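Please open the model in your viewer and keep the sequence panel beside it.

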Amino acid sequence: MEETLMLGVEGLKKTILHGGKGDMPRFITGSKVTFHFRTQLFNDERTVIDDSKVVGTPMEIVIGNMFKMEIWETLLCSMRIDEVAEFWCDTTHTGLYPMVAKSMRRIAEGKDPVDWHIHTCGMANMFAYHSLGYDDLDELMKEPKPLYFILELIKVQQPSDYNRESWALSDEERLKVVPVLHGQGNKLYKLGRYQEATQKYKEAIVCIKNVQTKNKAWEVPWLKLEKIGNTLTLNYCQCLLRMEEYYEVIEHTSDIINQHPGVMKAFYLRAKAHMEVWNEEEARQDYSRVLDLDPGMKKLVKKDLAVLSMRMEEKNEQDKTKYKGMF
């Protein structure tokens with residue numbers, strides 16, 4: 001039997017769809033909450049936007065960890081284990097949902113869970129790229145709407161009951177662990193263990209970007225973190241080059257270049273990735289920018305361009321042989 005409750009928060013209404021069991025869990029700072037969620041539009045069709053059960057993976061947040069959808073902490077802390085409840089939230093509480101949803105969707109699609117765009121600054125990203133990459137989320141960003149969140153509380157773990165991953169750390173702990181992870185990544189890279197190195201760099205990037213979201217975009221504290229994040233991202237891209245993930249290198253370096261067009265190393269790594277996928281014109285343009293930004297790279301760039309010219313000649317000869325007699 002459904003039971004509708006008011007939680008004492010303006011613009012919020014709770015309807016219990018399935019009662020939970022036992023006493024109320026103990027929600028304290030550091031508690032890890034695991035739950036399923038379904039998001040629906042407040043319209044006649046109750047259009048489903050996202051559903052973690054369809055993806056097959058529940059959501060996890062840590063209480064007091066400044067999750068972007070802060071209202072979800074309020075909602076979850078009103079629930080018992082196994083309870084299923086529907087929460088109607090007005091636009092006061094739903095404005096950041098599109099950015100959160102983008103990050104979750106990219107993970108579900110098997111894309112890079114670090115998600116550079118979201119973790120830098122959602123609003124800055126909107127201005128820079130004009131799109132979150134999903135039409136329905138772009139529409140919600142332009143015109144926020146009330147939403148339904150149907151939540152199912154699976155479990156609540158106390159801080160001492162689980163191993164705290166980087167995303168579950170406090171901001172102070174994150175900043176302390178970044179140089180440690182950075183050093184571990186560098187050591188693994190030198191040993192040729194590129195896959196393991198990427199994991200260290202990605203974990204460090206997540207730490208930096210989570211802290212960065214709490215700073216005002218383009219102000220000094222934010223820019224200092226941005227510089228560290230870019231350094232880690234470029235190290236990550238160096239590993240990807242070794243792993244022959246060239247298109248991912250192009251994607252991440254382009255993200256940096258779009259916001260920080262003076263980062264020489266981003267152009268250099270993108271040039272090398274373009275060279276590997278036969279994008280000759282793009283590679284030459286990036287190498288030209290490298291020399292504009294750092295003339296000291298002339299010897300290295302000259303060597304790479306010689307290799308590029310030789311490889312393109314070989315490819316053109318192979319293409320002539322391959323297609324000879326076809327026309």
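**Whole chain**

Of the 327 residues in the chain, 46% count as buried, meaning under 20% relative accessible area with a 1.4 Å probe and protein chains only. This is a predicted model, in which local features need pLDDT of at least 70 and side-chain atom pairs count only at pLDDT 80 or more, while totals for chains, interfaces and linings use all residues. Residues are numbered from 1 along each chain as its sequence is written, and side-chain values use heavy atoms, leaving out hydrogens and water. Colour by secondary structure to find 14 helices and seven strands, which are DSSP runs (H or I, at least four residues, for helices; E, at least two, for strands) numbered from the N terminus.

**H10 and H11**

Next select helix H10, residues 220–242, together with helix H11, residues 246–259. Their axes, lines fitted to C-alpha atoms over the stretch in contact, lie 9 Å apart at an angle of about 160 degrees, which makes H10 roughly antiparallel to H11 (an angle over 145 degrees). Show side chains where the two are in contact, that is, with heavy atoms within 4.5 Å: Trp222, Asn230 and Leu240 are among the H10 residues there, and Tyr246, His252 and Ile256 are among those of H11.

Technical notes
Axes fitted to C-alpha atoms, helices over the stretch in contact; angles between N-to-C directions. Buried < 20%, exposed > 50% of the residue type's maximum accessible area, 1.4 Å probe, protein only. Parallel < 35°, antiparallel > 145°, perpendicular 65-115°, else oblique.
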